[in-house]
Structures are given as C-alpha cells and as structure tokens.
Amino acid sequence: MPGTDQPTLAPPGRWTLGEEVLIVLSLSVLYSAIDAVLSYLQAPVNRGVSVALFPTFPSFELLRELLSIAFAIPPAWLVVHLARRSGEGLEPFGLGTATLGRDVAWGLVAAAVVAAVGLSVYLGAIALNVNRFVVPVPPLGHWWTVPVLVLGALQNALLEEIVVLGYLIRRLEQLGWATAAAVLTSALLRGTYHLYQGWGGFAGNLALGLAFGYAFSRWRRTWPLVTAHFAVDTLAGVGYILFRGHCVGSLCIPR
C-alpha cells in the first residue's frame, strides 16, 4: 500500500560488524574458551602430552592475569561501539579527545585530593572495624607484579568511569531521569559493588561516586575521572607493596 514502505537502513560495514562480533564473543564465551585451552595445556587429559607447550611463555599465572584484565574491558568497549554506531559520537559520554591533555592534567590534580581523603576514610574504617583490609595488588614476588598492577588499575578505571559514570548517567538522563537522580543511582551502584570491603568501602565509594557524578554532570568530561581513578588505584597498590608489614600506631598493614 502507498505510504507503508519503511526506509531501508544501510548495512553496517565489515569493520563495524567485525567489532560487534568480537565484543559479543568477549562478553560471552570467548574467555571461557581460552581459559579451557589453558587449563588443558596445564593438565592435559592425555598424560603422554607434555604440559610445556609454551616454552616462550612459561608463566600461566601471568597469562591468566593478563587475560582477566583484557576480558574486563569489553563492557567499556561496548559503550564506545554503541556511541559511534548510534551516531551520537563519544562527546556526549565525556569521551571526546579534543581536550585530552587538559583532562589528564585535571585528573592528576583530582587524584591527589581523592588519594588523601580516601586513605583517611579507608584507614579510619579499618580502625573502627567496619571494613576489611583489601590487598590491592596482583600476586607478589614476580617481575610482572607492578606492570600487571598498572594494567589492572587502568582496566578498573576505564570500566567503572566509562560504564558506571559516563554511560549510565547519560542514558538515565535520556530516559527522563533528573540529573541528580542519575548521579545518585550511579554512586549507589558504585558503593554497592564495593560492599565486599565492608561499610567503609561502601560509604567511601558512595561519596566518591557522588563527587565524580557531580563533576561529570557539571563539565561532561569522563577522561579526568578515568585518570584520577587510574592514578589512585596505582598509588594504592604501589603503596601497599612498599609499606606492607609496617605499622602506623596500632594499625598494621598485613603482608
């Protein structure tokens, strides 16, 4: 009938479809497949098969650490993919790169403030026995401990600030939520998945989420917050490595 024809959308290009396939597999079964291969190589069913099949990569522990980091990033990658594919672009999510240098500089300033306040809250919560002491580092005693620590800090920063901050607040606003409600929801989510640390971890991350959410709603930039998060996590891990076993008053940092 006249007027009932629907517009035909142009099919996505090969690059877009390939990216989509990689993201979907990374979020579903690809990690399990690779992990199964590693498990078999470490302990093959056939006892006649040598487990030393990777002579140039003898450390399965390091490989698993790297895979764990790599496969935690696809949710943030999905946000970038959807932003480009929808035509919105990265700017509405605070991910534009035109002011990246300035964003990083502001992020480092914010990291100094967050580190000072966060350490006080964290140690105070442990002293009050409302928080666990969390060891924020990969396995110690390896040449790769610090590099993996840095990569893990970057992964956490990208995941949390792109997904839980920029993406979530932007989408909730598009759903008709008030900005304050979107910021509060983002902060509550951040605090909740840190509750395993105790009530101190929940309260500290709730406050951090509110501060970061306000900054995002005010300036619409995510990269400064990614930078601050990355710097604080890196400092926390390096600080633990340097000072483990030391005591401050009655509070001792476990080894």
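How many helices and how many strands does the chain have? Nine helices and two strands. Keep in mind that this is a predicted model. From the N terminus on, the order is α-α-α-α-α-α-α-α-α-β-β.

Two overall numbers before the details. The chain has 255 residues, and 33% of them are buried. Now take the contacts between residues at least 6 apart in sequence. Of those, 68% join residues at least 24 apart.

On to helix packing. Two packed helices are described by the angle between their axes and the distance between the axes.

Start with helix 1 and helix 4. Helix 1 covers residues 14-26. Its axis and that of helix 4 are 10 Å apart, at an angle of about 150°. The cut-off for roughly antiparallel is over 145 degrees, so helix 1 is roughly antiparallel to helix 4. The crossing of this pair is left-handed. Which residues of helix 1 and helix 4 make the contact? From helix 1, they are Thr16, Leu17, Glu19, Glu20, Leu22, Ile23 and Ser26. From helix 4, they are Pro74, Trp77, Leu78, His81, Arg84 and Arg85. Sorted by class, the contact of helix 1 with helix 4 has six nonpolar, three polar and four charged residues.

Stay with helix 4, and turn to its contact with helix 6. Helix 4 spans residues 74-86. The axes of helix 4 and helix 6 are 8 Å apart and the angle is about 45°. That angle makes helix 4 oblique to helix 6. Helix 4 passes helix 6 in a left-handed crossing. On the helix 4 side, the contact uses Pro75, Ala76 and Val79. On the helix 6 side, it uses Leu158, Leu159, Ile162, Val163 and Tyr167. And the classes? The contact of helix 4 with helix 6 has eight nonpolar residues, no polar and no charged.

Helix 3 is residues 60-70, and helix 6 is residues 145-174. Their axes come within 9 Å and cross at roughly 15°. Angles under 35 degrees count as roughly parallel, and helix 3 and helix 6 are therefore roughly parallel to each other. Helix 3 also passes helix 6 in a left-handed crossing. Leu62, Glu65, Leu66 and Ile69 of helix 3 meet Val148, Leu151, Gly152 and Gln155 of helix 6. The class count for helix 3 with helix 6 is five nonpolar, two polar and one charged.

Which residues of helix 3 are buried? Phe60, Leu62, Leu63, Leu67 and Ile69. A reminder on spacing: an α-helix has 3.6 residues a turn, so residues three or four places apart point the same way. What do the buried residues of helix 3 pack against? Helix 2, residues 30-42, and helix 6.

Now some single residues. First, Glu160, in helix 6. Is Glu160 buried or exposed? Buried, because its relative accessibility is 9% and the cut-off is under 20%. The side chain of Glu160 makes a polar contact of 2.8 Å with the side chain of Tyr193. Beyond four places in sequence, Glu160 touches Leu165, Arg190, Tyr193, His194 and His229.

Second, Glu91. Where is Glu91 found? In the loop between helix 4 and helix 5, and helix 5 is 100-127. Glu91 is at 47% relative accessibility, so it counts as partly exposed. Leaving out residues up to four places away in sequence, Glu91 touches Gly96, Arg220 and Arg221. The side chains of Glu91 and Arg221 are joined by a polar contact of 2.9 Å. As for Arg220, it is 129 residues from Glu91 in sequence. In space, the C-alpha atoms of Glu91 and Arg220 are 8.2 Å apart.

Last, Ala207. Ala207 sits in helix 8, residues 199-219. Its relative accessible area is 46%, so Ala207 is partly exposed. Arg190 is 17 residues away from Ala207 along the chain. Their C-alpha atoms are separated by 9.5 Å.

That is the tour. Questions, please.

Terms used:
Residues are numbered from 1 along each chain as its sequence is written. This is a predicted model: local features need pLDDT of at least 70, side-chain atom pairs count only at pLDDT 80 or more; totals for chains, interfaces and linings use all residues. Side-chain values use heavy atoms; hydrogens and water are left out. Axes are lines fitted to C-alpha atoms, for helices over the stretch in contact, and angles run from 0 to 180 degrees between N-to-C directions. Helices (H or I, at least four residues) and strands (E, at least two) are DSSP runs, numbered from the N terminus. Angles under 35 degrees count as roughly parallel, over 145 as roughly antiparallel, 65 to 115 as roughly perpendicular and the rest as oblique. A crossing is left-handed if the near helix is turned anticlockwise from the far one by less than a right angle, and right-handed if clockwise. Contact means heavy atoms within 4.5 Å. Ala, Val, Leu, Ile, Met, Phe, Trp, Tyr, Cys and Pro count as nonpolar, Asp, Glu, Lys and Arg as charged, and the others, Gly among them, as polar. Buried means under 20% relative accessible area, exposed over 50%, partly exposed in between (1.4 Å probe, protein chains only). A polar contact is a pair of N or O atoms within 3.5 Å; within protein, one must be able to donate a hydrogen and the other to accept it, and residues adjacent in sequence count only if both atoms are side-chain atoms.
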